[in-house]
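User: Hi! Could you walk me through this model?
Analyst: Happy to, here it is.

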Amino acid sequence: MATYDYDLFVIGGGSGGVRAARLSACYGARVALAEERYLGGTCVNVGCIPKKLLVYASHYSAHFEDAAGFGWTVGERHFDWPTLIAHKNAEIARLNGVYRKLLEEAGVEIISARAILRDAHSVEVAGRTAKAERILIATGGWPMVPEIPGKEHAITSNEAFFLPRLPARVAIVGGGYIACEFAGIFHGMGSRVVQLYRGPLFLRGFDGDVRKTLAEEMRKKAIELRFNVEIAGIEKTRAGLVASLTTDERLEVDLVLFATGRAPSTRGLGLEGAGVALNAKGAIVVDAYSRSSVENIYAVGDVTDRINLTPVAIAEGQAFAETVYNDNPTKPDHAGVPSAVFSDPELATVGLSEEAARRAFGAVDVYRTSFRPLKHALSGRSERTMMKLVVERAGGKVVGAHMVGEGAAEIIQGLAVALKAGATKRDFDRTIGIHPTAAEEFVTMRTPLSEPEKQAAE
Ligand SMILES: Cc1cc2nc3c(=O)[nH]c(=O)nc-3n(C[C@H](O)[C@H](O)[C@H](O)COP(=O)(O)OP(=O)(O)OC[C@H]3O[C@@H](n4cnc5c(N)ncnc54)[C@H](O)[C@@H]3O)c2cc1C
């Protein structure tokens, strides 16, 4: 019988890897985890957490502006980027420590080094070869930057969190959630922001009304949105950067941030040699239990390119440990996963977009409302909130809930439970609202849009 140094070797100490390692160790497995960069992975270090802290910081400019309508006089305002970054770094360092402690207390051996596979049971790490019965790949993803002349002058989200100073003029390239979020962050801090996207409208895959509403609201705030355009090259000048666009225009900025997608981190890991199958995008192909094409090698999180969100990576890591070390076969559930974009304004969504629901069910009823939130009656701000329910007509089940506006993420998280439980529109109708809130609109929309109204919106 082969002898192994470990029952489980986890490569990658991010959201998925940490959960899987910790739980497996709690179930009695001898576990090692290799992390080459930072414990907590993308989410804690260069993703969700620092992003949300920057989003909070960016909201203060609007809070100060809105205060006058409520009788407040706000004194001289000054924003200091290095202070924010220093405070953010201190909080992240604290979280790194929390992750280390959680793993150590569970008995996981942490190896601070890059690990690569030698074969299906061997990992090369920190100058030695470790043998493990099972290996879990949880190496996450990495930003992709297009191959254009001068790309070295641009940054990605990774570097945006550590900029030495706030740039005055920022070009953000991309139409995904990360691009939209950084547009709001830099705008709120006081930078002049232009967001460029090669397609006709950003946030592909989200509900059409959500995409249009966000674009309108961002433009109202003077965030410049430019669609059907790309950056073809970047030159460094004495005054900053000059980006040449595919429309032959030249854009002078101080910072170009590419948020043009992320690729699974599978390069140079030795996966092919070990026989692990990858798909065309380089993601590890796994079955419903996160098992790869090699029997004892599993993968969770962004490296599998299923739904690339932290709670999903955690759920996959948890399901792996349950299945393999707790004799409790568990498939991670990828249905009805809610998500948010912490843009300005924020948006959140659960279930199907109207477009996807039509494809899935044919006949759907759509309930939509757009209103100026009570707060802005006094602040004077013209921002509107949009809410929408998509209902499958035959069974009356609510199959999608979408919102653009303050508090969207907090509200949609609650509705995600209702949708998961199979709530019908009738269940929404017989639920009493909390007054006065924006959320109560979700239980008071009574009349579906008529066909002409829907067509007019298209
Ligand atoms: C800017 C940004 C904002 C985001 N915001 C949100 C959000 O608001 N909400 C949300 O749910 N998700 C968000 N995400 C996505 C979220 O961060 C990821 O889905 C999540 O971190 C995936 O977890 P993971 O365990 O798969 O990988 P990761 O967290 O990326 O962890 C992988 C780890 O593996 C390590 N590693 C890689 N290769 C090796 C190797 N060979 N040896 C040793 N270690 C290795 C890496 O250093 C990394 O620490 C955001 C992402 C970004 C970039």
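Below we go from the overall chain to salt bridges, a helix and a surface patch.

User: Before we start, what sort of model is it?
Analyst: This is a predicted model, so local features need pLDDT of at least 70 and side-chain atom pairs count only at pLDDT 80 or more, while totals for chains, interfaces and linings use all residues. Residues are numbered from 1 along each chain as its sequence is written, and side-chain values use heavy atoms, with hydrogens and water left out.

User: Thanks! How many helices and strands are there in the chain?
Analyst: The chain has 14 helices and 21 strands. Both are DSSP runs numbered from the N terminus: helices are H or I with at least four residues, strands are E with at least two.

User: What share of the residues count as buried?
Analyst: 50% of the 458 residues do. Buried means under 20% relative accessible area, exposed over 50%, and partly exposed in between (1.4 Å probe, protein chains only).

User: Switching to electrostatics: how many salt bridges does the count come to?
Analyst: The count comes to 34, taking a salt bridge as a side-chain nitrogen of Lys or Arg within 4 Å of a carboxyl oxygen of Asp or Glu. One of them joins Lys-51 and Glu-181, at 2.7 Å from N to O. That pair links distant parts of the chain, 130 residues apart: Lys-51 sits in helix 3 (residues 48-67) and Glu-181 in helix 6 (residues 177-189).

User: Is that pair buried or exposed?
Analyst: Lys-51 is buried, at 8% relative accessible area, and Glu-181 is buried too, at 2%.

User: Which residue forms a salt bridge with Lys-101?
Analyst: Glu-105 does, with the closest N and O atoms 3.4 Å apart. Both lie in helix 4 (residues 81-106), four residues apart, about one turn of the helix. An α-helix has 3.6 residues a turn, so residues three or four places apart point the same way. Glu-105 counts as exposed, with 59% relative accessibility.

User: Which residues are linked in a network of salt bridges?
Analyst: Asp-207, Asp-209, Glu-354, Arg-358, Arg-368 and Lys-388 are.

User: Now helix 9. How many of its residues are buried?
Analyst: 12 of the 16 residues in helix 9 are buried, so this helix is mostly covered. Among them are Val-312, Phe-320 and Tyr-325. Its buried residues pack against several elements, including strand 1 (6-11), helix 1 (15-26) and strand 6 (128-137), where contact means heavy atoms within 4.5 Å.

User: Last one: which residues make the nonpolar surface patch?
Analyst: Tyr-60, Phe-64, Phe-70, Trp-72, Val-74 and Leu-378 make a patch of about 640 Å². Patches are made of residues with over 30% relative accessible area and no salt bridge; like charges are joined within 9 Å, and nonpolar side chains (Val, Leu, Ile, Met, Phe, Trp, Tyr) within 5 Å. Areas come from the Shrake-Rupley method with a 1.4 Å probe, and for residues only the protein chains shown count as cover. Leu-378 lies in helix 11 (residues 375-379) and counts as exposed at 51% relative accessibility.
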